[in-house]
Amino acid sequence: MIKVLFFGPVAERVGASEVQVPFRTGILLQEVRAQLQESHPAAFEIVCFTAVNGEHALDMSLPLADHSEVVFMSKFSGG
Amino acid sequence: MKDAVRIQREDFSQDEEVGALRTGSKRMGGIATFTGCARDFSEGREVTQISFDAYGNMALAEMRKLRVEAIAKFELLDARIVHRVGVVGAGEQIVFIAAGAAHRAPALQACHWLIDELKQRVPIWKKEITAQGDEWVTPHP
């Protein structure tokens with residue numbers, strides 16, 4: 001499984017802070033995003049950043065390993 | 001001694017943080033600090049509390065990177081960064097940055113740089129709680 005986390009305004013729009021996406025060999029980051037964007041379009045309107053295993057991910061064609069942690073994030077507003 | 005970079009629910013003591021910074025070196029000629037507080041107003045509404053959510057592991061890692069980068073970039077002797085999460089009341093402290101250097105200019109520049117970079121790079125989100133309802137804050141420059 002791939003663990004997908006949401007925080008702050010994205011979590012509010014998704015209505016959950018975590019969902020699981022089934023893993024299959026070769027699954028790409030963009031496929032996980034597309035799948036979740038289809039079910040939660042309002043949340044993805046504000047998604048600006050993506051992280052995989054705690055690091056910023058700029059390449060959406062990144063293949064994911066099983067048990068990866070993916071986070072779709074809106075602009076930060078700390079401080 | 002507490003870690004130089006922390007994310008915590010409880011309030012912090014500026015005196016303790018500056019004291020900890022000063023123990024690192026007697027060559028410190030200048031210490032600059034920034035304290036971010038919870039304003040009690042926003043866009044014409046009275047804000048009673050601010051709620052913070054964070055991607056904790058990544059936020060802490062990014063804050064640690066910021067400290068290391070600032071020490072190298074501004075030739076600091078030391079730096080500390082503390083950010084609160086959870087619910088913070090209006091008027092309370094949110095974030096504290098302290099930068100110590102041999103001279104005042106790099107300490108002041110580093111402090112300014114650190115809070116600007118923190119806002120851009122650290123995955124923390126704030127929601128203002130008002131009598132009219134709660135609203136996630138949209139970042140602005």
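This is a predicted model: local features need pLDDT of at least 70, side-chain atom pairs count only at pLDDT 80 or more; totals for chains, interfaces and linings use all residues.
Reader: Start with α2 of chain B. Which residues does it cover, and what should 19 residues span?
Author: Helix α2(B) covers residues 56-74, and at 1.5 Å a residue its 19 residues should span 27 Å. The C-alpha atoms at its ends are 27 Å apart, which agrees.

Reader: Which residues of α2(B) are buried?
Author: Met58(B), Ala59(B), Leu60(B), Glu62(B), Met63(B), Leu66(B), Arg67(B) and Ala70(B).

Reader: What follows α2(B)?
Author: Glu75(B) comes after the helix, with a positive phi near 55 degrees.

Reader: How do α2(B) and α3(B) cross?
Author: Helix α3(B) is residues 104-121; its axis and that of α2(B) come within 10 Å and cross at roughly 150 degrees. An angle over 145 counts as roughly antiparallel, so α2(B) is roughly antiparallel to α3(B).

Reader: Left-handed or right-handed?
Author: The crossing of α2(B) past α3(B) is right-handed.

Reader: Which residues make that contact?
Author: From α2(B), Glu62(B), Met63(B), Leu66(B), Ala70(B) and Phe74(B). From α3(B), the list includes Pro106(B), Ala110(B), Trp113(B), Leu114(B) and Leu118(B). By class, the contact has nine nonpolar, one polar and three charged residues.

Reader: What does Val5(B) touch, leaving out residues up to four places away in sequence?
Author: Leu60(B), Met63(B), Arg64(B), Arg67(B) and Ile81(B). Of these, Leu60(B), Met63(B) and Arg67(B) are among the buried residues of α2(B).

Reader: Now the two chains. How many residues of each are in contact?
Author: 14 residues of chain A are in contact with 22 residues of chain B. On the chain A side, α1 (8-14) and β5 (69-73) each supply at least two residues. That side has seven nonpolar, six polar and one charged residues.

Reader: Last one, Glu31(A). Which helix is it in?
Author: Glu31(A) is in α2 of chain A, residues 29-39. With 16 other C-beta atoms within 10 Å, Glu31(A) is partly exposed. Glu31(A) and Leu64(A) are 33 residues apart in sequence, and their C-alpha atoms are 10.0 Å apart.

How values were computed. Residues are numbered from 1 along each chain as its sequence is written. Chains are lettered from A and ligands numbered from 1 in the order in which they are written. Helices (H or I, at least four residues) and strands (E, at least two) are DSSP runs, numbered from the N terminus. The expected span of a helix is 1.5 Å times one less than its number of residues. A residue is buried if 20 or more other C-beta atoms lie within 10 Å of its own, exposed if 12 or fewer, and partly exposed in between; C-beta atoms are placed from the backbone. Axes are lines fitted to C-alpha atoms, for helices over the stretch in contact, and angles run from 0 to 180 degrees between N-to-C directions. Angles under 35 degrees count as roughly parallel, over 145 as roughly antiparallel, 65 to 115 as roughly perpendicular and the rest as oblique. A crossing is left-handed if the near helix is turned anticlockwise from the far one by less than a right angle, and right-handed if clockwise. Two residues are in contact if their C-beta atoms, placed from the backbone, lie within 7 Å. Ala, Val, Leu, Ile, Met, Phe, Trp, Tyr, Cys and Pro count as nonpolar, Asp, Glu, Lys and Arg as charged, and the others, Gly among them, as polar.
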